[in-house]
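Let's go through this one by asking where each label comes from. Have the coordinates open as you read.

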Amino acid sequence: MTSRFSPHHWSIKAKSVALVVVYVLALCGVYSAFTVYLVRREAIQAHDRFQQTARMVAAELDAYIESGQQRLAAVARLPGMVYGLRTIQETTGEGYIPPWTTLHYLFFKSPVFTGGVFLLDRAGKVLWTEPPGLPWLGRTLADYPPIAELYQKRRSLISAGFSAEHLLSTPHVVVGMPIQNPDGEIDGILGGMIDLTAAEFTNILKAVSTTQGRFIEAVDQNGLVLASTTPARLFQPALSLSQEAEAFLLASASLAQAPWHVVAGQPRVVALAEVSQLQRLLLWLGAGVLLIAIASGVPFINGFVRPIKKLTAYAEVMARGDLSQPVVVGERHDEIAILAQAFEHMRIELKRSHLALKQRLEEREELIRLKEEFLDNMSHELRTPLHVIIGYTDMLLDEELSADGRNTLTRIRAQSEHLFHLLSDLMTLSGVNTGKVALQISPVTLSDLLARLSPLVDQLQQGKDIETVWDRPALLPTVETDALRLEQVLTNLITNAFKFTPQGKITIRARHDMTQERVVFQVADTGIGIPEHELPHIFDEFRQVDGSMSRSYDGMGLGLALVRKLTSLLQGEIAVASQVGQGSVFTVTIPLRLTCRGDACVALAPATF
Ligand code: ADP
């Protein structure tokens, strides 16, 4: 079973709307996937570009620092340095000491140490500076962080950035190189200062384009900016570490010569401006396509939903039996037009067959009427001579006759009477069928009625091994009904009971059902019974039970048909219960008072018997 929400239950309109919704969702899906792809591709490309820039600048910074370090190392390894240091300590700075020309050379020949170079003894005291006489000459720098680290680690070091400290009034970094004697002990330190504001250093970043918000910055080991294309960023935390990093497209490259790295980037908004523009364009394009789809789709959908609805309405009208409205769906040449034509064709054909059927029915009714009239007339015509024959036979039977003659006359009389009753039944049935029977209602004393049936029972019982039981209360009510019709009903039932009971018992019952204001008659026999499958048909006209047991009996299948029709005329009911070989029970129930409807009965006529 399909659920109420399954598409099989949807109207065509709902299905069309669902189709449009699916189309829109699919469009949104494609749009989202495509734009996500575009943004990602652009971001990757920008990242690659920034990565290259960062690597290039990192390489340049590396070369810059390396050149300074190489010079420091070259001088620190000079054998004269250790000797010079000892001498200078011993002579307490008097006289000309040749090694310092090396410092001089170091300072002037190197564009790296823009803040100056210095020489420390093993205790961290500044023995010499270049340019000569810098303010820190003679002071002990052992506690100055980068210097202290140099003494500890005993290898060349490059510091993080310092703003204004003891040594320089401008931001700077310190590059240090230990001077070791042949025993591996530190005799002193050779140091260089890189002034972070000097053009030699800042120019390295200037080669990079800073249009459209692009920037590049060198970051030290503490995550602070040492140099930036935006000078205000000096000593600010690096962007890659900050919370705003999400707003930028960033790439970084590490330096080989220092524990620093270079970050290159651009604000996302600017970097992805073109993609955003394309996104907007696509959005408008999608919306435009959607609008066009709706604008053209709605009339298109209506174009077939409306005529289908119209056709459905026509079909409903036809189903109600109204075939007068021609099926028209307007000017069109598609499948719906073909369907409408087929509908119209069907309507015309239906109307034609409807008319033909009506005509046939009228003809049939006319034929039935003629047949009933014919039957009525024939029966009437045949009954009169039969009546005369019976009368003459009765007269002849009163005469002296030979045994054979009497026998023959008795059989003539019996057969004539049988024919007479058959014709009477036929007349009554055709009268009931044509509605010609008018009921004669009068007060009927049931005891009298039953008493009148007695001779019939006696006659039927003659020569038969059948016990008849009259089962009736002492007091029976008077019923207002048509006595003749009721008698006919009971006569037929009793006759059948004797006809289909070769031997046994027949019970004729009468009861007054006071609560329901009706009387009940029952004719029960222990005869041959009726097969179950035949029971529903025994009240049909000209119907006889198809069975070997009943075939031997004469009759036209009129008796029970008449019984049912008369019972119904008397506003009563008939029921049957039967079992083959056991017998049958026919029960007739009629109201105590028959109510007259229209011309169907004649009110309270005096009793006719
Ligand atoms: P018919 O006038 O030929 O007797 P009915 O209309 O009276 O026909 O009965 C129809 C059929 O119902 C009969 O042919 C008979 O087979 C069956 N029938 C009617 N009454 C009885 C009964 N009391 N017992 C057995 N069969 C019966």
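Contact, as used here, means heavy atoms within 4.5 Å. This is a predicted model, where local features need pLDDT of at least 70 and side-chain atom pairs count only at pLDDT 80 or more, while totals for chains, interfaces and linings use all residues. Residues are numbered from 1 along each chain as its sequence is written, and side-chain values use heavy atoms, with hydrogens and water left out.

Q: Which residues of H7 and H8 meet?
A: On the H7 side they are Phe304, Pro307, Ile308, Leu311, Ala315 and Met318, and on the H8 side Ile336, Leu339, Ala340, Phe343, Met346 and Arg347. By class, that contact has eleven nonpolar, no polar and one charged residues. The classes go like this: Ala, Val, Leu, Ile, Met, Phe, Trp, Tyr, Cys and Pro are nonpolar, Asp, Glu, Lys and Arg are charged, and the others, Gly among them, are polar.

Q: Why is H7 called roughly parallel to H8?
A: Two packed helices are described by the angle between their axes and the distance between the axes. Here the axes of H7 (residues 273-319) and H8 (residues 335-398) come within 11 Å and cross at roughly 10°. Angles under 35 degrees count as roughly parallel, over 145 as roughly antiparallel, 65 to 115 as roughly perpendicular and the rest as oblique, so H7 is roughly parallel to H8. The axes are lines fitted to C-alpha atoms, for helices over the stretch in contact, with angles from 0 to 180 degrees between N-to-C directions.

Q: How do you know what span to expect for H7?
A: Take 1.5 Å times one less than the number of residues. H7 has 47 residues, and its 66 Å from first C-alpha to last is close to the 69 Å expected.

Q: What counts as the bend in H7, and where is it?
A: A bend at a residue is the angle between axes fitted to the seven residues ending there and the seven starting there. For H7 that angle is about 30° at Gly297, and the proline Pro299 follows within four residues.

Q: Why is Ser379 called buried?
A: Buried means under 20% relative accessible area, exposed over 50%, partly exposed in between (1.4 Å probe, protein chains only). Ser379 has 1%, so it is buried. This serine lies in H8 and, leaving aside neighbours within four places in sequence, is in contact with Leu423, Leu426 and Met427.

Q: What makes Val479 buried?
A: Its relative accessibility is 0%, so Val479 counts as buried. Val479 sits in S13, and its C-alpha is 5.5 Å from that of Pro443, 36 residues apart in sequence.

Q: How do you know that Leu486 is buried?
A: Leu486 has a relative accessible area of 1%, so it is buried too. Its place is in H11. Beyond four places in sequence, what Leu486 touches includes Leu446 and Leu449, and both of these are among the buried residues of H10.

Q: Is Glu517 buried, exposed or partly exposed, and what decides?
A: Glu517 is partly exposed, because its relative accessible area is 48%. This residue is found in the loop between S14 and S15.

Q: What sets the phi of Glu517 and Gln571 apart?
A: Most residues other than glycine have a negative phi. Glu517 has a positive one, near 55°, and Gln571 has a positive one, near 65°. Gln571 is in the loop between H13 (559-569) and S16 (573-579).

Q: How many of the residues in the chain count as buried?
A: Of its 609 residues, 39% do.

Notes
Helices (H or I, at least four residues) and strands (E, at least two) are DSSP runs, numbered from the N terminus.
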